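Good morning, and thank you for coming.

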Amino acid sequence: MNTAFLKVVKDRQLAHELRQIADDFETIDFFQQYGSCCFAMSAMLTQLLTEKGYRARVQGCYAEIKQDNNIFYVGYKGYVQDKQKEGHAVCIVEEQYLIDFGLGALRKFHDKDFSHALACEILGFNTVLGDLDLDSGANISWRIDWISPMVELELQAQVVAVERILNDYYDFQKNRMAYLIKKLFVSKNDAPPDATLAIFKAMREIKMCDIELLELVE
């Protein structure tokens, strides 16, 4: 998982927690399966961070991406992509950071190489939650001068689904190694060599994260 998005998070422990969650979400394909469901992804991230003792909440908004005199919207009124609903949602942590794990629509309809996750410091302006210059030359801002009423409705509608998905995540957490080994020995037709390499990489990253956590504690 490319965790360059965490460079703005100055709290080392929070950065570690976010990196672990992001790595886990990638390992169990949550970004691929649910990355376009910003409501569910933000709700899950909010719950996981709350359980770890952070003040976290879901915030409705929309995103505006500017590049080369072009503007692409995520969740803005009248700019709904196929099978998407108006509105966007992000996770606000400690009223200091905005974390967006729901960027799948951007990868589908704007740039297939767009990051799975972004983070930025909250600006505190009336209309703009956060603003970020990207390595691609684009700029993304999360705005709240308009918030879709669908945000609250979708969050309520997806409560059961979110709990079910999180139960899968909790099961994975109980024994990451067993999950990875099971995935490793899937038939060759279902798991090409690249997937096998990815699993070994994930196992190595999990080990490194455990080492870093020990260093933080010490």
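Predicted model: local features only at pLDDT ≥ 70, side-chain atom pairs only at ≥ 80, totals over all residues.

Residues are numbered from 1 along each chain as its sequence is written, and side-chain values use heavy atoms, with hydrogens and water left out.

The chain holds eight helices and seven strands; these are DSSP runs numbered from the N terminus, helices being H or I of at least four residues and strands E of at least two. Of its 218 residues, 46% are buried, that is, under 20% relative accessible area with a 1.4 Å probe and protein chains only, whereas exposed means over 50% and partly exposed lies in between.

Let me turn to the interior. A nonpolar core is a set of buried Ala, Val, Leu, Ile, Met, Phe, Trp, Tyr and Cys residues joined through side-chain atoms within 4.5 Å. The largest has 41 residues, and Val-9, Phe-25, Leu-49, Ile-99 and Phe-101 touch the most other members. Among the elements that each supply at least two residues to this core are helix H1 (12-27), helix H3 (38-51) and strand S3 (88-93). H3 provides the largest share, nine residues. Apart from this core lies another of 19 residues, including Phe-72 and Val-90.

Which residues does Phe-25 contact, leaving aside neighbours within four places in sequence? They are Phe-30, Phe-31, Met-41, Met-44, Leu-48, Phe-101 and Tyr-169, where contact means heavy atoms within 4.5 Å.

Next, the aromatic rings. The whole structure contains 18 aromatic pairs; rings of Phe, Tyr and Trp (its six-membered ring) pair if their centres lie within 6.5 Å, and planes under 30 degrees apart count as stacked, over 60 as edge-to-face and the rest as tilted. Tyr-73 and Tyr-79 form a tilted pair, 4.7 Å centre to centre with 50 degrees between the planes. Tyr-73 counts as buried because its relative accessibility is 17%, while Tyr-79, at 45%, is partly exposed. Ring pairs also link a cluster that includes Phe-5, Phe-25, Tyr-34 and Tyr-179.

Finally, the largest pocket. Its lining comprises 21 residues, with Asn-2, Ser-115, Leu-118, Leu-134 and Asp-135 nearest its centre. Strand S5 (118-121) and strand S6 (128-133) are the elements that give two or more residues to that lining. A pocket here is an open set of points on a 1 Å grid over the protein atoms alone, where a 1.4 Å probe fits, with protein on both sides within 12 Å along at least five of seven lines; lining residues have an atom within 4 Å of a point.
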